[in-house]
Amino acid sequence: MIGILCGLLGAGINFIIKINYLAPTPNWSIHALILSLDSAIFEEIALRTSFYTLALHLFKGNLTNKYANYLTWIGMILPFAIVRQTNVFMNEGLVAGVISSLILSLVFYFIFAFLQRRRDILSAMVAHGLVSAIYYMFSQVNF
């Protein structure tokens with residue numbers, strides 16, 4: 001239930017941020033669902049969990065000190081935002097890329113990492129899948 005609520009909240013924020021770039025009617029296609037499942041499964045299980053387990057291994061399971069805890073949060077959040085903002089880095093420069101990556105990290109990826117670390121991986125997957133599904137349904141991408 002918490003994953004659904006966070007997913008709908010994130011999708012609403014995403015919708016408000018990108019309203020000028022979205023199609024006026026939803027695209028109810030299987031391709032939008034498949035792309036959203038890719039985000040939910042691949043990014044949450046294969047990537048974010050890999051960062052988390054790497055941190056657990058490097059710090060020998062002890063994430064209680066501030067240094068280990070902060071590095072783990074950064075590793076679970078920031079790489080995803082930077083990868084998604086390559087066009088901003090290339091077109092608008094380093095400062096704009098860093099600012100947009102930080103905003104994206106705080107608005108979306110912190111929520112997914114928080115759900116995975118404090119709740120469970122399934123709620124993070126559901127939230128990420130909902131945000132992606134609603135975005136792809138309203139994006140102007142032709143599948």
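This passage walks through the fold of a predicted model and a few of its side-chain contacts.

Some ground rules come first. In this predicted model, local features need pLDDT of at least 70 and side-chain atom pairs count only at pLDDT 80 or more, while totals for chains, interfaces and linings use all residues. Residues are numbered from 1 along each chain as its sequence is written, and side-chain values rest on heavy atoms, with hydrogens and water left out.

The protein chain has six helices and zero strands; here helices (H or I, at least four residues) and strands (E, at least two) are DSSP runs, numbered from the N terminus. Its C-alpha trace spans about 50 × 40 × 20 Å along the principal axes. Of the 143 residues, 38% are buried, where buried means under 20% relative accessible area, exposed over 50%, and partly exposed in between (1.4 Å probe, protein chains only). Among contacts (heavy atoms within 4.5 Å) with a separation of 6 or more, 75% join residues 24 or more positions apart.

As for charges, the structure holds one salt bridge, that is, a side-chain nitrogen of Lys or Arg within 4 Å of a carboxyl oxygen of Asp or Glu. The partners are glutamate 44 and arginine 48, at 3.0 Å from N to O. They sit four residues apart in helix 2 (residues 30–58), so about one helical turn separates them. Both glutamate 44 and arginine 48 are buried. Arginine 48 also lies over the face of phenylalanine 80, 4.2 Å from the ring centre; a charge counts as over a ring if NZ of Lys or CZ of Arg is within 6 Å of the ring centre and within 35 degrees of the ring normal.

Phenylalanine 80 turns up again in a cluster, where ring pairs link Phe51, Phe80, Tyr109 and Phe112. Nine aromatic pairs are found in the whole structure, counting rings of Phe, Tyr and Trp (its six-membered ring) with centres within 6.5 Å; planes under 30 degrees apart are stacked, over 60 edge-to-face, and the rest tilted. Tryptophan 73 and phenylalanine 110 make a tilted pair, with 5.4 Å centre to centre and 35° between the planes. Because tryptophan 73 belongs to helix 3 (residues 66–84) and phenylalanine 110 to helix 5 (residues 94–119), this pair ties together parts 37 residues apart in sequence. Tryptophan 73 is buried at 12% relative accessible area, whereas phenylalanine 110 is partly exposed at 35%.
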